[in-house]
Amino acid sequence: MVVLITPVCAADIGSVIALARQVWQRTYPGIISQEQIDYMLAQRYTRERLLAELDTSGIWWDKATVDGCLAGFSACMTMPAGGEMKLDKLYVDPDRQRGGIGARLIEQVECHAHAAGCRALILAVNKRNERAIAAYRKHGFAVRDSVCVDIGRGFVMDDFIMLRSLPAPAAPL
Ligand SMILES: CC(C)(COP(=O)(O)OP(=O)(O)OC[C@H]1O[C@@H](n2cnc3c(N)ncnc32)[C@H](O)[C@@H]1OP(=O)(O)O)[C@@H](O)C(=O)NCCC(=O)NCCS
């Protein structure tokens, strides 16, 4: 299986939004309500919002393709303080999970973090999303904090904050 990691472009937006819904519907029922799934997808995955983010410096969207088909995507952003890169989104086609695609996308996020001079990757993951937590632990993240954030309409994000330190850049010879 040849996995290619490349930047998301405007032409990918429709497929990214469709894959997001597909993965969310396989992941979050039983963790959050269907109403919260619909609310969060509608907030985060509009064509306008993705177009704006693709055009924003400090935000990177990448996609994984297998035989030309979208198999996953990630988004990350530099945080205003602290030298941290936030892994904001990481989603892999349910039929292709556990094949190392998540690892490849995280590697790409790590490259962006190095280039941006960040010293750590951070992310927020629902406390009941055990598979994702297992994946993040496998890829070197550890729980740093626990938060419960009000996102409106009576919904909350009940998350662990996970962190992975990055090696310091090699000193010049
Ligand atoms: C979390 C996710 C991005 C990882 O991507 P991936 O391509 O499956 O990850 P990798 O193949 O690099 O790593 C696989 C590890 O993830 C965990 N994992 C992924 N899918 C799993 C599943 N269905 N059941 C149990 N563990 C799973 C395991 O720790 C696994 O390691 P193992 O196979 O050695 O046990 C992917 O599973 C996914 O999209 N999940 C649903 C969406 C989601 O929860 N995203 C995170 C939001 S914060």
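The largest pocket in this predicted model has a volume of about 1300 Å³. Its lining is made up of 46 residues, and those closest to the centre of the pocket are Leu90, Asn129, Arg131, Ala132 and Tyr136. Sorted by class, the lining divides into 25 nonpolar, nine polar and twelve charged residues.

Which helices and strands build this lining? At least two residues each come from H1, helix H2 (34-44), E4, H4, E5, H5 and strand E7 (155-165).

Let us now turn to the ligand. The largest pocket is where the ligand sits. Around the ligand there are 23 residues, of which Val92, Arg98, Gly100, Gly102 and Asn129 come nearest. This shell consists of 13 nonpolar, seven polar and three charged residues.

Several elements contribute to the shell. Helix H1 (13-27), strand E4 (84-92), helix H4 (101-115), strand E5 (120-126) and helix H5 (130-138) each provide at least two of its residues. Which element supplies the largest share of the shell? That element is H5, with six residues.

In Arg98, a side-chain N or O atom lies 2.6 Å from an oxygen atom of the ligand. Arg98 is also among the residues that come nearest to the ligand.

At Gly100, a backbone N or O atom is 2.7 Å from a ligand oxygen atom. At Ala103, a polar backbone atom is 2.9 Å from an oxygen atom of the ligand. How much of the ligand's exposed area does the protein bury? The ligand taken alone exposes 900 Å², and the protein buries 83% of that.

Thank you for your attention.

Conventions. Residues numbered from 1 in each chain as written. Predicted model: local features only at pLDDT ≥ 70, side-chain atom pairs only at ≥ 80, totals over all residues. Heavy atoms only, no water. Near = heavy atom within 4 Å. Polar contact = N/O pair within 3.5 Å; in protein donor to acceptor, adjacent residues only side chain to side chain. Areas by Shrake-Rupley, 256 points an atom, 1.4 Å probe, with all protein chains shown as cover. 1 Å grid on protein atoms, 1.4 Å probe; cavity = no way out; pocket = protein on both sides within 12 Å on 5 of 7 lines; lining within 4 Å. Sits in = over half its atoms within 2 Å of the grid points. Helix = DSSP H or I, 4+ residues; strand = E, 2+ residues; numbered from the N terminus. Nonpolar A, V, L, I, M, F, W, Y, C, P; charged D, E, K, R; others polar. Points joined across faces, edges and corners; volume = space filled by probe spheres on them.
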